[in-house]
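Thanks for coming. I have one structure for today, so please bring it up on your screens and follow along.

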Amino acid sequence: MTLCVVVPVFNEQEVLPLFVQRLTATLDGIAGGPHRMLFVNDGSADQSLAILRDAAAHDCRISVLSLSRNFGHQAAIAAALDYAQGDATVIIDADLQDPPEAIPELVRKFEEGYQVVYAQRVKRKEGIWLRLSYFLFYRLLALLANIDLPLDAGDFGLMSARVVEEIRSLPEHLRYTRGLRRWVGFRQIGMPIERAERKAGESKYSPWGLLRLAADGIFAFSTAPLHAAAVIGSFAVVLSVVFSIYSVVAKFVLHQSPKGFTALTLLITFVSGVNLLFLGIIGAYIARIYEEVKRRPVYIVEQKIGAMVER
């Protein structure tokens, strides 16, 4: 069996040498081979590319794709999968929060016949607000999605060559890899892996970046927000009919002027807010359609280093 480990990298100079050392040692202990390592430099502004170039010069198993600018984490993964070669491909980040030493466990499950083995993160070491955000997001997405998405499953995982081929063929521009991996199907299993704290540097996902990733996951795999507009709209119509009946009864039966000016004002404000909210949701879907129909490439490669990508 030949294994290809793909690693998106963005400004990871502090932790990259240690990551390469640990990953190399892990692959040395896996039977078969030769196993490959493919790093994607996603427009790093630090010394990450220089470190990777030096690593590739000392180890022929290491290859590097350097993108022309920072296209984003999911685009870097897409680039890596396009160039991955081997019987199975592992996606892992370079920040060492997902341990390279867990890769042999993924390989063992693959040898048992599973075509996708994904890590389910447990005992996360991030701050409480970030842990809470991830907890709520995964459960909200699982509730809304049109497919059965596993809880707490990140991008770290192993995919067979057939699964990688199917994901490559998907034409989407705005990609949510862990959702696409589930969507293509095949025999899949999750493995609980403890999520370590970052060894050095800072997370490259800002709060806004995490929100965008969450939105990509929800809008790519769920139409529930659109259906919610119809449900809440119907509820508002029912409320307006009830208030209309009350007004008629109060005027002609009870001979009273309808009460509730404040309630009416609040109702109008609420309905207006709901309208604006769902206009925004519809706009988000339209914006994604707009991005897709432009048919721009997901990434642009500026430089290729190593025999694995020289094609």
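Leaving out neighbours within four places in sequence, Leu3 is in contact with Leu27, Ile30, His35, Arg36, Ala88, Val90, Ile103, Val107 and Leu158. Before going on, note that this is a predicted model.

Leu3 also matters for the count in the core. The largest nonpolar core has 38 residues, and Leu3 and Phe39 touch the most other members of it. Which helix gives the most to this core? H1 does, with five residues. Another core, of 29 residues, lies apart from that one, and Cys4, Val6, Leu67 and Ala76 are among its members.

Next, the sheet. Eight strands form an open sheet, and the order is S7-S5-S6-S4-S1-S2-S3-S8, with mixed pairing. At the edges are S7 and S8, the latter covering 301–305, and each of these pairs on one side only. From one strand to the next, the twist averages 20°.

S1 and S2 pair in the parallel sense over six bridges, whereas S4 and S6 pair in the antiparallel sense over four bridges. For individual residues, Cys4 has Arg36 in S2 as its bridge partner, and Ala88 stands opposite Ser160 in S6.

H1 touches S1, S2 (36–41) and S3, and its direction makes about 160° with that of S2. Helix H3, residues 73–83, packs on the sheet as well; H3 touches S1, S2, S3, S4, S6 and S8, and the angle between its direction and that of S2 is about 145°.

How many of the six residues of S2 are buried? Five of them are, so S2 is largely enclosed by the rest of the structure.

Is Ser63 buried or exposed? Ser63 counts as buried because its relative accessibility is 1%, and the cut-off for buried is under 20%. With neighbours within four places in sequence set aside, the contacts of Ser63 are Met37, Leu38, Phe39, Ile305, Gly306, Ala307, Met308 and Val309. Phe39 in that list is the residue named with Leu3 for touching the most other members of the largest core.

Now helix H4, residues 103–111. Its buried residues are Ile103, Pro104, Leu106, Val107 and Phe110. What covers the buried residues of H4 includes S1 (3–9), H1 (16–28), S4 (88–91), S5 (116–122), S6 (153–160) and S7 (188–194). Ile103 and Val107 are also among the contacts of Leu3, where I started. Just after H4, Gly113 takes a positive phi of about 115°.

To finish, the totals for the chain. The secondary structure comes to ten helices and eight strands. Of the 311 residues, 44% count as buried. If you take contacts between residues at least 6 apart in sequence, 82% of them join residues at least 24 apart. The chain exposes about 16100 Å², and 62% of that is supplied by carbon and sulfur atoms.

How values were computed
Residues are numbered from 1 along each chain as its sequence is written. This is a predicted model: local features need pLDDT of at least 70, side-chain atom pairs count only at pLDDT 80 or more; totals for chains, interfaces and linings use all residues. Side-chain values use heavy atoms; hydrogens and water are left out. Buried means under 20% relative accessible area, exposed over 50%, partly exposed in between (1.4 Å probe, protein chains only). Helices (H or I, at least four residues) and strands (E, at least two) are DSSP runs, numbered from the N terminus. Contact means heavy atoms within 4.5 Å. A nonpolar core is a set of buried Ala, Val, Leu, Ile, Met, Phe, Trp, Tyr and Cys residues joined through side-chain atoms within 4.5 Å. Two strands pair if DSSP finds at least two bridges between them. Axes are lines fitted to C-alpha atoms, for helices over the stretch in contact, and angles run from 0 to 180 degrees between N-to-C directions. Accessible areas come from the Shrake-Rupley method with a 1.4 Å probe; for residues, only the protein chains shown count as cover.
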